[in-house]
Amino acid sequence: MSRPILVLKAGTASITRPDGSLDEPVMVDMAAQIARLHADYRVLIVSSGAVGAGKRFLPAYSGQITERKAAAAIGNPLLMNKYAQFLAPYGIAIAQSLCERQHFANRTQFLQLRDTFETLWDNQIIPIANENDVVSNRELKFSDNDELATLMAVGFGASLLLLGTSVPGVLDAQGQVVREIARFDAAVLGLATRETSGTGLGGMISKLTFARLATRMGIRTVIFGVRTPGSILRAVAGETGTICLPQETHLSSRSKWLGSGSLVIGRIEVDAGACEALMRRRSLLAVGVRAVPDEFDSGEVVEIAPEGGLPFAVARVRLSSAEILDRMGIHNVEIAHADDIVLLD
């Protein structure tokens with residue numbers, strides 16, 4: 001029987017010192033724990049820290065996008081070298097994977113990525129992923145590794161997602177760790193501050209946002225502090241951090257990919273009747289469309305929302321935005337089949 005998949009995300013502040021250099025004692029402890037998990041799980045590491053490790057080599061570093069890309073180019077081999085060095089005593093080899101958001105938008109490309117990781121796992125190699133900061137055409141400040149780790153966890157069918165950070169978990173108003181989150185409501189999301197770690201791009205808002213997505217897709221998620229010795233093993237055992245309980249889901253792997261990993265290009269606003277029909281798992285018809293504010297082509301993924309409201313579904317459309325505008329209000333014109341629509345709540 002195949003081992004379950006575990007995705008571990010290590011944040012920048014959790015594995016680097018204030019000056020950006022890699023905190024080797026923390027990484028040594030991580031490696032020892034990962035080696036123990038390696039026997040029972042197919043482990044995927046999503047590691048931040050490349051920009052932090054590389055920026056000290058740029059004397060005039062000020063955080064501009066091009067400088068972040070240059071720092072990532074410098075820091076990434078340093079980061080991989082340390083992981084390789086600290087896992088080598090356990091006989092574990094690593095493989096580097098630099099990913100871009102668009103790799104998750106194309107189903108064929110995504111399946112190729114998944115097959116590559118399966119081959120690595122079959123050969124007892126641990127893949128370590130990071131965003132391809134150097135060539136990514138999406139500005140770094142709009143993406144972080146919480147998202148990458150979650151997309152991989154959902155896409156690969158992970159049973160456990162560990163979001164490692166520099167704090168012990170989600171904190172309540174009194175500064176105490178919230179031990180368990182069964183449902184993400186306004187009160188839970190309100191626990192997050194808008195502060196980041198100072199060296200990374202994420203923060204608790206990011207972690208709660210993507211923990212919500214992961215649990216919605218049936219993945220147990222733990223937000224925990226990496227820097228405490230033994231914390232990874234304790235997070236797996238549910239003994240530390242904030243445990244976010246998975247929801248029951250019957251979505252196929254394709255639907256999970258569509259609802260989480262696909263790249264949303266545009267938006268369609270629909271009337272109350274269309275909202276009701278979609279909630280009953282019906283197809284989206286042109287008669288229910290009220291606005292198409294963005295341009296997109298047929299075959300692309302868009303979000304669906306009530307007029308002026310928040311999106312409640314995503315869909316792969318069969319018509320372009322121009323074709324939909326030409327057919328708005330017409331009966332029996334199918335924009336997206338029910339099989340290509342995924343409800344977000």
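Of the 345 residues of the chain, 52% count as buried. Keep in mind as you look around that this is a predicted model. Among contacts with a separation of 6 or more, 71% join residues 24 or more positions apart.

**First stop: α2 and α4.** Select residues 24–38, which form helix α2, together with residues 65–87, which form helix α4. Two packed helices are described by the angle between their axes and the distance between the axes. Here the angle is about 55° and the axes lie 9 Å apart. That angle makes α2 oblique to α4, and the crossing of the two helices is right-handed.

Now show side chains. Which residues of α2 meet α4? They are Glu24, Met27, Val28, Met30, Ala31 and Ile34. Across from them, α4 brings Leu79, Lys82, Tyr83, Phe86 and Leu87 to the contact. Colour this contact by residue type and you will find nine nonpolar residues, two charged ones and no polar ones.

**Second stop: α8.** Move on to residues 204–216, the 13 residues of helix α8. Draw a distance from the first C-alpha to the last: α8 reaches 18 Å, close to the 18 Å expected at 1.5 Å a residue.

Next, pick out the buried positions of α8: Met204, Ser206, Lys207, Leu208, Phe210, Ala211, Leu213, Ala214 and Thr215.

Select glycine 218, which follows α8 and has a positive phi, near 85°.

Methods:
Residues are numbered from 1 along each chain as its sequence is written. This is a predicted model: local features need pLDDT of at least 70, side-chain atom pairs count only at pLDDT 80 or more; totals for chains, interfaces and linings use all residues. Side-chain values use heavy atoms; hydrogens and water are left out. Axes are lines fitted to C-alpha atoms, for helices over the stretch in contact, and angles run from 0 to 180 degrees between N-to-C directions. Helices (H or I, at least four residues) and strands (E, at least two) are DSSP runs, numbered from the N terminus. Angles under 35 degrees count as roughly parallel, over 145 as roughly antiparallel, 65 to 115 as roughly perpendicular and the rest as oblique. A crossing is left-handed if the near helix is turned anticlockwise from the far one by less than a right angle, and right-handed if clockwise. Contact means heavy atoms within 4.5 Å. Ala, Val, Leu, Ile, Met, Phe, Trp, Tyr, Cys and Pro count as nonpolar, Asp, Glu, Lys and Arg as charged, and the others, Gly among them, as polar. The expected span of a helix is 1.5 Å times one less than its number of residues. Buried means under 20% relative accessible area, exposed over 50%, partly exposed in between (1.4 Å probe, protein chains only).
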